[in-house]
Amino acid sequence: MSLVDRYVAPRFQKLLHGNVVGLRGEERAEFARAMAADARSITDHELGLLFDSDWRDQITAAWLAGLSHRTQYRDRIGEKLLASEVTYAGQGFCLALARFSTRDDAWRLVAYLSHYLPQSACRYDQTWALGALMHLDARLDTREAQRFIGAGGLWKRWAAALPPQQQDPEHHHMFFNDVYSFSEECVP
């Protein structure tokens with residue numbers, strides 16, 4: 001069975017856009033068990049191959065690295081997030097950095113937001129990065145997100161093109177918290 005058939009094809013659509021948040025009951029529990037099993041069974045070599053492939057493979061690899069707390073991928077994930085070479089994978093990168101939960105991980109999110117919020121035409125994973133950073137601020141008792149959402153911060157200008165509800169940073173913080181809560185159901 002190929003890596004894509006084993007790890008990616010049955011998982012990526014539920015990981016994409018945080019669709020896991022909408023799972024309920026036994027479907028949610030089964031998906032959490034499957035993600036936990038995958039995080040335990042995937043090898044570092046297999047993760048490396050997925051990180052070198054398309055966005056579906058990368059979002060899945062990032063989730064699995066985050067769930068299994070494989071911090072040796074921290075630099076690679078941070079670099080891939082900042083490069084933003086493929087769509088959607090950044091969602092998984094943000095989750096993995098939040099799972100690693102250190103100030104170094106927060107700084108990778110700060111670097112991403114510092115680079116992409118001034119580029120209002122670039123609509124990548126800024127909402128995910130901000131939600132993850134706000135999540136880490138709460139966990140680490142820091143205030144890194146304030147530089148972006150406080151008075152004179154870059155968020156307001158960048159978010160002006162979003163629907164009104166999505167302009168509120170707290171919206172993205174709460175959504176990310178829901179995604180993170182699912183990851184805790186998989187592997188506390």
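Predicted model: local features only at pLDDT ≥ 70, side-chain atom pairs only at ≥ 80, totals over all residues.
Is E184 buried, partly exposed or exposed?

E184 is found in helix α12. Its relative accessibility is 30%, and E184 therefore counts as partly exposed, given that buried means under 20% and exposed over 50%.

Let me turn to the packing of helix α12. This helix, residues 169–186, packs with helix α9, residues 126–140, at an angle of about 75°, and their axes are 8 Å apart. The two helices are therefore roughly perpendicular to each other. On the α9 side, the residues in contact include W128, L130, M134 and H135, and on the α12 side they include H172, F175, F176 and Y180. Sorted by class, this contact has nine nonpolar, six polar and two charged residues.

Next, helix α8. Residues 103–116 form this helix of 14 residues, and the distance from its first C-alpha to its last is 20 Å, close to the 20 Å expected at 1.5 Å a residue. Which residues of α8 are buried? They are D105, A106, L109, V110, Y112, L113 and Y116. Viewed down the axis of α8, these buried residues fall within an arc of 160°, so they line one face of the helix. As a general point, an α-helix has 3.6 residues a turn, so residues three or four places apart point the same way. The buried residues of α8 pack against α6, α7, α9, α10 and α11.

Notes:
Residues numbered from 1 in each chain as written. Heavy atoms only, no water. Axes fitted to C-alpha atoms, helices over the stretch in contact; angles between N-to-C directions. Helix = DSSP H or I, 4+ residues; strand = E, 2+ residues; numbered from the N terminus. Parallel < 35°, antiparallel > 145°, perpendicular 65-115°, else oblique. Contact = heavy atoms within 4.5 Å. Nonpolar A, V, L, I, M, F, W, Y, C, P; charged D, E, K, R; others polar. Expected span 1.5 Å × (residues − 1). Buried < 20%, exposed > 50% of the residue type's maximum accessible area, 1.4 Å probe, protein only. Arc of directions from axis to C-beta.
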